[in-house]
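Please look over the sequence and the 3D structure below.

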Amino acid sequence: ASATTVDLNYRNFVTVTVTNPAAPGCTSGVVNGYWSCNIKAPSGTYTVTAHQSWAAGDSQHSAESGSQQVTVDKDRPAPPIVTSPKAESRVLKQPMTFSGTGEPLGFLNVYVDASPVCGASVDTSGRWSCSASGIANGTHAIQAIQSDLAGNFSDPSAPLKVYFGPRKAPAVPPAA
């Protein structure tokens, strides 16, 4: 077995500065040439620069990097809207195509009674559709939940009550 020796007197890290508007930056250690850190700023567009520092006896640091525009998105998308099937409608054939509207370029999942049945990307005009089959006959609640490009999730859409399968035949009254 081989052992790795770490020299604790040698530290390598990156400091990120956030401006225009000013917001808290972050600092991260560099491990195997990689680093990452979370900017703790509200949603908005910022100018970001970084510099690398290291210490080996005397503290040293690199020149500031070129600036980059960074957009922070912490805002949840609005719940998507399921336009098909309609509430209180009856579905006789499967596969069933679900469709509706949502935040452009997001992704969503359709749920039947809280179980996912299909997923769809939302196009640039805010439209989506997906198909599912194998949904049991009976009354079901249909909902959708969307995520945006930044990974923020919406609340579920309003539940739609939809009937799957044929209507039950009326009971034959007993003979008198």
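The points below are grouped by topic.

This is a predicted model, in which local features need pLDDT of at least 70 and side-chain atom pairs count only at pLDDT 80 or more, while totals for chains, interfaces and linings use all residues. Residues are numbered from 1 along each chain as its sequence is written, and side-chain values use heavy atoms, with hydrogens and water left out.

**Fold and overall shape**

- The chain has 13 strands and zero helices; helices (H or I, at least four residues) and strands (E, at least two) are DSSP runs, numbered from the N terminus.
- The radius of gyration of the chain is 27 Å, whereas a compact globule of 176 residues would have one near 16 Å. This radius is taken over C-alpha atoms, and the globule rule is 2.2 Å times the number of residues to the power 0.38.
- The C-alpha trace spans about 105 × 50 × 25 Å along its principal axes.
- Of the contacts between residues at least 6 apart in sequence, 56% join residues at least 24 apart; a contact means heavy atoms within 4.5 Å.

- Buried residues make up 30% of the 176 in the chain. Buried means under 20% relative accessible area, exposed over 50%, and partly exposed in between (1.4 Å probe, protein chains only).

**Disulfides**

- The whole structure holds two disulfides, a disulfide being a pair of cysteine sulfur atoms within 2.5 Å.
- One joins cysteine 26 to cysteine 37, with an S to S distance of 2.0 Å. Cysteine 26 lies in strand E2 (residues 23-29) and cysteine 37 in the loop between E2 and strand E3 (44-56), so the bond ties together parts eleven residues apart in sequence.
- The torsion about this S-S bond is about 45 degrees, so the disulfide is right-handed.
- Cysteine 26 is buried at 12% relative accessibility, while cysteine 37 is partly exposed at 24%.
- Another disulfide joins cysteine 118 to cysteine 130, with an S to S distance of 2.1 Å. Cysteine 118 is in strand E10 (residues 115-121) and cysteine 130 in strand E11 (residues 127-132), twelve residues apart.
- Both cysteine 118 and cysteine 130 are buried, and their link is right-handed, with 45 degrees about the S-S bond.
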